[in-house]
Amino acid sequence: MTAAENTEPTIATRSVFSGRIIDVRVDTILLPNGRETTREIVDHDPSICVVPVDDDGNVLLVRQYRKPTESFLLEVPAGGIEPGEEPEASARRELQEEIGHTAQTLSPLTAFWLAPGWCSEYMYAFLATDLTPSVLDSDEDEFIDVVRTPLADIPGQIADGTIQDAKSVASLLLAMLVLESR
Amino acid sequence: MAPRVLPTTAGSGEPTIRTTPAYQGDIIGVRIDTVGLPNGLEATREIVEHPSSVCIVPLDGEGNLLMVRQYRKAAKEFLIEVPAGKMEGSEDPESTTSRELREEIGHAAGRLRKLGAFYSAPGWCTQMIHAYLATELTPSRLDADYDEFIEVVRLPFEEVMDLVTAGTIRDAKSVAALLLAMRVLGDN
(Lines give C-alpha, C1' and ligand atoms only; values in the text may rest on other atoms or scores of the structure.)
Protein backbone atom coordinates (compact mmCIF):
# COMPACT_ATOMS: atom_id res chain seq x y z
CA MET A 1 0.00 0.00 0.00
CA THR A 2 1.43 3.40 -0.91
CA ALA A 3 1.14 6.28 1.49
CA ALA A 4 -1.32 7.95 -0.82
CA GLU A 5 -3.75 5.04 -0.65
CA ASN A 6 -3.93 4.79 3.12
CA THR A 7 -7.31 5.78 4.51
CA GLU A 8 -6.30 6.13 8.17
CA PRO A 9 -8.29 3.21 9.64
CA THR A 10 -9.82 3.97 13.03
CA ILE A 11 -8.39 1.97 15.93
CA ALA A 12 -10.41 3.71 18.62
CA THR A 13 -12.79 6.64 18.84
CA ARG A 14 -13.58 8.68 21.93
CA SER A 15 -16.34 11.27 22.28
CA VAL A 16 -15.04 14.33 24.15
CA PHE A 17 -17.84 16.86 23.63
CA SER A 18 -21.47 16.68 22.60
CA GLY A 19 -23.30 19.95 22.03
CA ARG A 20 -26.24 21.49 20.22
CA ILE A 21 -24.51 22.20 16.89
CA ILE A 22 -21.19 20.38 17.18
CA ASP A 23 -19.76 17.16 18.60
CA VAL A 24 -16.06 16.51 19.08
CA ARG A 25 -14.32 13.13 18.98
CA VAL A 26 -10.72 12.00 19.12
CA ASP A 27 -9.98 9.17 16.70
CA THR A 28 -6.87 7.04 17.11
CA ILE A 29 -5.80 6.00 13.62
CA LEU A 30 -3.17 3.88 11.92
CA LEU A 31 -0.63 5.68 9.71
CA PRO A 32 0.92 4.23 6.52
CA ASN A 33 4.22 3.76 8.37
CA GLY A 34 2.52 1.52 10.97
CA ARG A 35 2.55 4.14 13.73
CA GLU A 36 -0.53 5.45 15.47
CA THR A 37 -1.66 9.01 15.93
CA THR A 38 -4.79 10.85 17.00
CA ARG A 39 -7.08 13.13 15.00
CA GLU A 40 -9.35 15.63 16.73
CA ILE A 41 -12.53 15.88 14.67
CA VAL A 42 -15.42 18.30 14.99
CA ASP A 43 -18.67 16.82 13.68
CA HIS A 44 -21.09 19.36 12.23
CA ASP A 45 -24.16 18.75 10.06
CA PRO A 46 -23.96 19.60 6.36
CA SER A 47 -25.00 23.13 5.44
CA ILE A 48 -25.80 25.48 2.59
CA CYS A 49 -24.89 28.99 1.53
CA VAL A 50 -26.60 31.15 -1.07
CA VAL A 51 -25.51 34.09 -3.24
CA PRO A 52 -28.76 36.02 -3.82
CA VAL A 53 -28.50 38.49 -6.70
CA ASP A 54 -31.34 40.91 -7.51
CA ASP A 55 -32.34 42.20 -10.96
CA ASP A 56 -30.19 45.33 -10.50
CA GLY A 57 -26.98 43.34 -9.95
CA ASN A 58 -26.92 43.74 -6.16
CA VAL A 59 -26.05 40.87 -3.88
CA LEU A 60 -28.05 40.61 -0.65
CA LEU A 61 -25.62 39.94 2.18
CA VAL A 62 -26.29 39.48 5.89
CA ARG A 63 -24.51 41.33 8.65
CA GLN A 64 -24.50 39.83 12.13
CA TYR A 65 -22.44 39.65 15.28
CA ARG A 66 -20.27 36.53 15.39
CA LYS A 67 -19.27 35.58 18.91
CA PRO A 68 -16.25 33.41 17.90
CA THR A 69 -14.65 36.34 16.05
CA GLU A 70 -16.04 39.03 18.44
CA SER A 71 -16.98 41.18 15.45
CA PHE A 72 -19.78 41.99 13.03
CA LEU A 73 -19.27 40.08 9.81
CA LEU A 74 -20.75 40.50 6.37
CA GLU A 75 -21.56 37.09 4.87
CA VAL A 76 -23.72 35.36 2.31
CA PRO A 77 -26.91 33.85 3.79
CA ALA A 78 -26.19 30.36 5.12
CA GLY A 79 -27.45 27.73 7.52
CA GLY A 80 -27.58 24.11 8.51
CA ILE A 81 -29.48 21.47 6.54
CA GLU A 82 -32.21 20.09 8.79
CA PRO A 83 -32.83 16.35 9.10
CA GLY A 84 -34.58 15.03 6.01
CA GLU A 85 -34.15 18.33 4.14
CA GLU A 86 -32.62 18.50 0.65
CA PRO A 87 -29.85 21.11 0.21
CA GLU A 88 -32.02 23.09 -2.23
CA ALA A 89 -34.98 23.20 0.18
CA SER A 90 -32.64 24.32 2.91
CA ALA A 91 -31.31 27.12 0.66
CA ARG A 92 -34.88 28.29 -0.06
CA ARG A 93 -35.78 28.28 3.64
CA GLU A 94 -32.69 30.27 4.64
CA LEU A 95 -33.38 32.84 1.91
CA GLN A 96 -36.82 33.46 3.38
CA GLU A 97 -35.58 33.49 6.98
CA GLU A 98 -32.45 35.56 6.55
CA ILE A 99 -33.19 38.00 3.71
CA GLY A 100 -36.97 37.69 3.33
CA HIS A 101 -36.99 36.60 -0.30
CA THR A 102 -37.72 33.60 -2.48
CA ALA A 103 -35.83 32.82 -5.68
CA GLN A 104 -37.45 31.80 -8.96
CA THR A 105 -34.08 30.43 -10.06
CA LEU A 106 -31.75 28.52 -7.76
CA SER A 107 -28.68 26.92 -9.37
CA PRO A 108 -25.92 24.93 -7.68
CA LEU A 109 -22.51 26.67 -7.78
CA THR A 110 -20.38 23.97 -6.16
CA ALA A 111 -19.93 22.25 -2.79
CA PHE A 112 -16.97 22.22 -0.45
CA TRP A 113 -15.62 21.08 2.91
CA LEU A 114 -15.28 24.06 5.25
CA ALA A 115 -12.23 22.83 7.20
CA PRO A 116 -11.49 19.27 6.07
CA GLY A 117 -8.36 18.90 8.18
CA TRP A 118 -10.44 18.64 11.33
CA CYS A 119 -14.15 19.21 10.64
CA SER A 120 -16.85 17.17 8.88
CA GLU A 121 -19.02 20.11 7.74
CA TYR A 122 -19.79 19.91 4.01
CA MET A 123 -21.47 22.94 2.45
CA TYR A 124 -23.52 23.27 -0.75
CA ALA A 125 -23.33 26.68 -2.46
CA PHE A 126 -26.13 28.08 -4.63
CA LEU A 127 -26.75 31.10 -6.84
CA ALA A 128 -30.24 32.59 -6.38
CA THR A 129 -31.77 34.96 -8.94
CA ASP A 130 -35.22 36.29 -9.88
CA LEU A 131 -35.88 37.23 -6.24
CA THR A 132 -39.30 38.17 -4.86
CA PRO A 133 -40.09 39.30 -1.29
CA SER A 134 -41.34 36.52 1.03
CA VAL A 135 -40.57 36.55 4.74
CA LEU A 136 -40.31 33.58 7.10
CA ASP A 137 -39.61 34.19 10.81
CA SER A 138 -35.96 33.67 11.60
CA ASP A 139 -34.39 31.82 14.51
CA GLU A 140 -35.09 33.62 17.78
CA ASP A 141 -31.44 34.09 18.68
CA GLU A 142 -30.35 35.48 15.30
CA PHE A 143 -30.20 39.25 14.80
CA ILE A 144 -29.46 39.96 11.19
CA ASP A 145 -29.28 43.05 8.96
CA VAL A 146 -29.65 42.67 5.20
CA VAL A 147 -27.09 44.67 3.23
CA ARG A 148 -27.44 45.23 -0.53
CA THR A 149 -24.06 45.50 -2.23
CA PRO A 150 -23.36 45.91 -5.97
CA LEU A 151 -21.76 42.69 -7.18
CA ALA A 152 -19.02 44.78 -8.82
CA ASP A 153 -17.97 46.05 -5.36
CA ILE A 154 -17.39 42.55 -3.97
CA PRO A 155 -13.71 42.13 -4.97
CA GLY A 156 -12.87 45.49 -3.37
CA GLN A 157 -14.74 44.52 -0.19
CA ILE A 158 -12.79 41.26 0.03
CA ALA A 159 -9.52 43.11 -0.52
CA ASP A 160 -10.24 45.73 2.19
CA GLY A 161 -11.46 43.19 4.75
CA THR A 162 -15.15 44.19 4.70
CA ILE A 163 -15.86 40.55 3.72
CA GLN A 164 -13.68 38.05 5.59
CA ASP A 165 -15.48 34.73 5.54
CA ALA A 166 -14.28 31.73 3.50
CA LYS A 167 -17.68 30.49 2.24
CA SER A 168 -18.61 34.05 1.21
CA VAL A 169 -15.33 34.70 -0.63
CA ALA A 170 -15.52 31.35 -2.41
CA SER A 171 -19.19 31.49 -3.40
CA LEU A 172 -19.28 35.19 -4.31
CA LEU A 173 -16.25 34.99 -6.63
CA LEU A 174 -17.64 31.83 -8.20
CA ALA A 175 -21.04 33.46 -8.70
CA MET A 176 -19.40 36.47 -10.38
CA LEU A 177 -17.56 34.18 -12.83
CA VAL A 178 -20.74 32.22 -13.56
CA LEU A 179 -22.80 35.38 -14.14
CA GLU A 180 -20.09 36.91 -16.37
CA SER A 181 -20.09 33.77 -18.55
CA ARG A 182 -23.89 33.77 -18.96
CA MET B 1 -9.16 51.37 3.40
CA ALA B 2 -11.17 50.84 6.60
CA PRO B 3 -14.27 48.64 6.41
CA ARG B 4 -17.45 50.67 5.91
CA VAL B 5 -19.55 51.28 8.99
CA LEU B 6 -22.97 49.80 8.31
CA PRO B 7 -26.28 50.77 9.88
CA THR B 8 -27.50 48.11 12.25
CA THR B 9 -30.47 46.74 14.14
CA ALA B 10 -28.24 44.03 15.54
CA GLY B 11 -27.13 46.07 18.56
CA SER B 12 -23.67 46.29 19.97
CA GLY B 13 -22.70 42.65 19.95
CA GLU B 14 -23.09 39.73 22.30
CA PRO B 15 -21.54 40.48 25.71
CA THR B 16 -20.38 37.38 27.58
CA ILE B 17 -22.34 36.65 30.73
CA ARG B 18 -20.31 33.54 31.53
CA THR B 19 -17.98 31.16 29.75
CA THR B 20 -17.54 27.43 30.40
CA PRO B 21 -14.58 25.46 29.08
CA ALA B 22 -15.88 22.18 27.64
CA TYR B 23 -12.82 20.52 26.06
CA GLN B 24 -9.12 21.19 25.61
CA GLY B 25 -7.24 19.08 23.08
CA ASP B 26 -3.94 19.17 21.20
CA ILE B 27 -5.16 21.54 18.50
CA ILE B 28 -8.68 22.65 19.35
CA GLY B 29 -10.52 23.78 22.44
CA VAL B 30 -14.27 24.09 22.96
CA ARG B 31 -16.05 26.56 25.22
CA ILE B 32 -19.69 27.48 25.76
CA ASP B 33 -20.40 31.18 26.14
CA THR B 34 -23.67 32.44 27.56
CA VAL B 35 -24.31 35.80 25.89
CA GLY B 36 -26.76 38.67 26.21
CA LEU B 37 -28.90 39.28 23.13
CA PRO B 38 -30.13 42.66 21.80
CA ASN B 39 -33.69 41.76 22.96
CA GLY B 40 -32.53 41.24 26.56
CA LEU B 41 -32.70 37.43 26.44
CA GLU B 42 -29.75 35.10 26.83
CA ALA B 43 -28.40 32.48 24.44
CA THR B 44 -25.52 30.03 24.45
CA ARG B 45 -22.83 29.87 21.76
CA GLU B 46 -20.68 26.76 21.22
CA ILE B 47 -17.26 27.96 20.16
CA VAL B 48 -14.33 25.97 18.79
CA GLU B 49 -10.99 27.65 19.39
CA HIS B 50 -8.53 26.84 16.62
CA PRO B 51 -5.17 28.53 15.92
CA SER B 52 -4.97 30.92 12.99
CA SER B 53 -3.55 29.41 9.84
CA VAL B 54 -2.23 30.15 6.37
CA CYS B 55 -2.95 28.75 2.94
CA ILE B 56 -0.88 29.24 -0.17
CA VAL B 57 -1.45 29.22 -3.92
CA PRO B 58 1.98 28.14 -5.29
CA LEU B 59 2.37 28.81 -9.00
CA ASP B 60 5.44 27.66 -10.95
CA GLY B 61 7.03 29.30 -14.00
CA GLU B 62 5.10 27.03 -16.39
CA GLY B 63 1.69 28.10 -15.09
CA ASN B 64 1.14 25.03 -12.92
CA LEU B 65 -0.32 25.00 -9.44
CA LEU B 66 1.41 22.82 -6.86
CA MET B 67 -1.44 21.32 -4.87
CA VAL B 68 -1.40 18.67 -2.14
CA ARG B 69 -3.42 15.48 -2.09
CA GLN B 70 -3.99 13.70 1.22
CA TYR B 71 -6.52 11.59 3.09
CA ARG B 72 -8.73 13.68 5.34
CA LYS B 73 -10.16 11.68 8.20
CA ALA B 74 -12.89 14.24 8.92
CA ALA B 75 -14.06 14.17 5.30
CA LYS B 76 -13.46 10.43 4.88
CA GLU B 77 -11.92 10.97 1.46
CA PHE B 78 -8.78 12.07 -0.35
CA LEU B 79 -8.81 15.78 -1.13
CA ILE B 80 -6.76 18.03 -3.37
CA GLU B 81 -6.09 21.29 -1.51
CA VAL B 82 -3.74 24.24 -1.57
CA PRO B 83 -0.84 23.83 0.90
CA ALA B 84 -1.86 25.08 4.34
CA GLY B 85 -1.02 24.88 8.00
CA LYS B 86 -1.33 26.37 11.44
CA MET B 87 0.76 29.24 12.72
CA GLU B 88 3.05 27.88 15.42
CA GLY B 89 4.63 29.60 18.43
CA SER B 90 5.65 33.15 17.58
CA GLU B 91 5.34 32.73 13.81
CA ASP B 92 3.77 35.47 11.72
CA PRO B 93 1.69 34.46 8.66
CA GLU B 94 4.58 34.92 6.22
CA SER B 95 7.00 32.71 8.17
CA THR B 96 4.34 30.00 8.46
CA THR B 97 3.81 30.29 4.72
CA SER B 98 7.52 29.82 4.03
CA ARG B 99 7.73 26.81 6.34
CA GLU B 100 4.61 25.09 5.00
CA LEU B 101 5.76 25.56 1.39
CA ARG B 102 9.03 23.78 2.18
CA GLU B 103 7.36 21.04 4.26
CA GLU B 104 4.39 20.29 2.03
CA ILE B 105 5.62 20.89 -1.53
CA GLY B 106 9.40 21.12 -1.06
CA HIS B 107 9.79 24.63 -2.45
CA ALA B 108 10.70 28.14 -1.37
CA ALA B 109 9.06 31.19 -2.93
CA GLY B 110 10.98 34.20 -4.27
CA ARG B 111 7.82 36.27 -4.13
CA LEU B 112 4.82 36.19 -1.76
CA ARG B 113 1.69 38.28 -2.30
CA LYS B 114 -1.16 38.52 0.22
CA LEU B 115 -4.45 37.45 -1.34
CA GLY B 116 -6.73 38.05 1.63
CA ALA B 117 -7.77 36.67 4.99
CA PHE B 118 -10.95 34.88 5.97
CA TYR B 119 -12.51 32.94 8.83
CA SER B 120 -13.09 29.25 8.04
CA ALA B 121 -16.43 28.94 9.91
CA PRO B 122 -17.16 32.17 11.81
CA GLY B 123 -20.53 30.99 13.14
CA TRP B 124 -18.86 28.66 15.61
CA CYS B 125 -15.05 28.72 15.15
CA THR B 126 -12.29 31.26 15.75
CA GLN B 127 -9.92 30.10 12.99
CA MET B 128 -8.67 32.82 10.63
CA ILE B 129 -6.82 31.79 7.45
CA HIS B 130 -4.35 34.13 5.74
CA ALA B 131 -4.05 33.43 2.02
CA TYR B 132 -0.95 34.05 -0.11
CA LEU B 133 0.13 33.72 -3.72
CA ALA B 134 3.64 32.22 -3.98
CA THR B 135 5.67 32.55 -7.19
CA GLU B 136 9.36 32.32 -8.28
CA LEU B 137 9.53 28.84 -6.73
CA THR B 138 12.82 27.02 -6.17
CA PRO B 139 13.31 23.54 -4.67
CA SER B 140 13.96 23.63 -0.91
CA ARG B 141 12.79 20.80 1.31
CA LEU B 142 12.04 20.72 5.02
CA ASP B 143 10.94 17.46 6.70
CA ALA B 144 7.18 17.28 6.99
CA ASP B 145 5.19 16.48 10.13
CA TYR B 146 5.58 12.78 11.00
CA ASP B 147 1.83 12.14 10.75
CA GLU B 148 1.27 13.85 7.39
CA PHE B 149 1.39 11.78 4.20
CA ILE B 150 1.12 14.14 1.30
CA GLU B 151 1.40 13.79 -2.45
CA VAL B 152 2.17 16.89 -4.56
CA VAL B 153 -0.12 17.29 -7.57
CA ARG B 154 0.60 19.72 -10.42
CA LEU B 155 -2.47 21.18 -12.11
CA PRO B 156 -2.66 23.83 -14.86
CA PHE B 157 -3.73 27.14 -13.35
CA GLU B 158 -5.84 27.92 -16.42
CA GLU B 159 -8.09 24.96 -15.50
CA VAL B 160 -8.92 26.24 -11.99
CA MET B 161 -12.47 27.27 -12.81
CA ASP B 162 -13.24 23.83 -14.31
CA LEU B 163 -11.59 22.03 -11.38
CA VAL B 164 -13.77 23.96 -8.94
CA THR B 165 -17.07 23.65 -10.79
CA ALA B 166 -16.44 19.93 -11.44
CA GLY B 167 -15.76 19.38 -7.73
CA THR B 168 -12.19 18.11 -8.23
CA ILE B 169 -11.24 20.88 -5.79
CA ARG B 170 -13.87 20.97 -3.04
CA ASP B 171 -12.28 22.66 -0.07
CA ALA B 172 -13.48 26.15 0.89
CA LYS B 173 -10.07 27.72 1.62
CA SER B 174 -8.69 26.33 -1.67
CA VAL B 175 -11.64 27.62 -3.72
CA ALA B 176 -11.47 31.04 -2.04
CA ALA B 177 -7.68 31.39 -2.41
CA LEU B 178 -7.58 30.10 -6.01
CA LEU B 179 -10.36 32.43 -7.19
CA LEU B 180 -8.62 35.36 -5.45
CA ALA B 181 -5.39 34.39 -7.24
CA MET B 182 -7.27 34.36 -10.56
CA ARG B 183 -8.34 37.95 -9.96
CA VAL B 184 -4.86 39.10 -8.90
CA LEU B 185 -3.18 37.47 -11.89
CA GLY B 186 -5.94 38.59 -14.26
CA ASP B 187 -5.44 42.21 -13.19
CA ASN B 188 -1.68 42.08 -13.87
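How many helices and strands does chain A have? Chain A has 3 helices and 10 strands, where helices (H or I, at least four residues) and strands (E, at least two) are DSSP runs numbered from the N terminus. The model is predicted: local features need pLDDT of at least 70, side-chain atom pairs count only at pLDDT 80 or more, and totals for chains, interfaces and linings use all residues. Residues are numbered from 1 along each chain as its sequence is written, while chains are lettered from A and ligands numbered from 1 in the order in which they are written.

From the N terminus, the elements of chain A follow the order β-β-β-β-β-β-β-α-β-β-β-α-α. The C-alpha trace of chain A spans about 60 × 40 × 35 Å along its principal axes. Chain A has 182 residues, of which 45% count as buried. A residue is buried if 20 or more other C-beta atoms lie within 10 Å of its own, exposed if 12 or fewer, and partly exposed in between, with C-beta atoms placed from the backbone. Among contacts in chain A with a separation of 6 or more, 59% come from residues 24 or more positions apart. Two residues are in contact if their C-beta atoms, placed from the backbone, lie within 7 Å.

Strand β5 (residues 58–66) of chain A has two pairings. With strand β10 (residues 145–150) of chain A, β5(A) runs antiparallel over 6 bridges. Here L60(A) stands opposite R148(A), and V62(A) faces V146(A). With strand β6 (residues 71–75) of chain A, β5(A) pairs in the antiparallel sense over 5 bridges. Two strands pair if DSSP finds at least two bridges between them. Y65(A) is set opposite F72(A) in β6(A). The hairpin of β5(A) and β6(A) has 4 residues between the strands, and E70(A) takes a positive phi near 50°.

Chain B has an open sheet of 3 strands in the order β1-β2-β3, with antiparallel pairing. β1 (16–24) and β3 (42–49) of chain B stand at the edges with a single partner strand each, so one side of each lacks a neighbour in the sheet. Neighbouring strands of this sheet are turned by 20° against each other on average, direction ignored. β1(B) is joined to strand β2 (residues 29–36) of chain B by 7 bridges, and the two run antiparallel. T20(B) has I32(B) as its bridge partner in β2(B).

The interface brings 63 residues of chain A into contact with 62 residues of chain B. Helix α3 (residues 166–180) of chain A gives the most to the side of chain A that touches chain B, with 7 residues. That side divides into 37 nonpolar, 12 polar and 14 charged residues. Ala, Val, Leu, Ile, Met, Phe, Trp, Tyr, Cys and Pro count as nonpolar, Asp, Glu, Lys and Arg as charged, and the others, Gly among them, as polar.

α3(A) is mostly covered, with 11 of its 15 residues buried. Among the buried residues are A166(A), V169(A), L173(A) and M176(A). At 1.5 Å a residue, the 15 residues of α3(A) should span 21 Å, and the end C-alpha atoms are 21 Å apart, which agrees. The expected span is 1.5 Å times one less than the number of residues.

V169(A) also belongs to the largest nonpolar core, a set of 96 residues. Such a core consists of buried Ala, Val, Leu, Ile, Met, Phe, Trp, Tyr and Cys residues joined through C-beta atoms within 7 Å. The members that touch the most others include V169(A), A170(A), V57(B) and L178(B). Residues up to four places away in sequence aside, V169(A) touches I158(A), I163(A), G116(B), F118(B), A176(B) and L180(B).

G116(B) lies in strand β8 (residues 107–119) of chain B. Why does G116(B) count as buried? G116(B) is buried because it has 23 C-beta neighbours inside 10 Å. With residues up to four places away in sequence not counted, G116(B) touches I158(A), A159(A), V169(A), A131(B) and L180(B). G116(B) and E100(B) are 16 residues apart in sequence and 18 Å apart in space, C-alpha to C-alpha.

Terms used:
Axes are lines fitted to C-alpha atoms, for helices over the stretch in contact, and angles run from 0 to 180 degrees between N-to-C directions.
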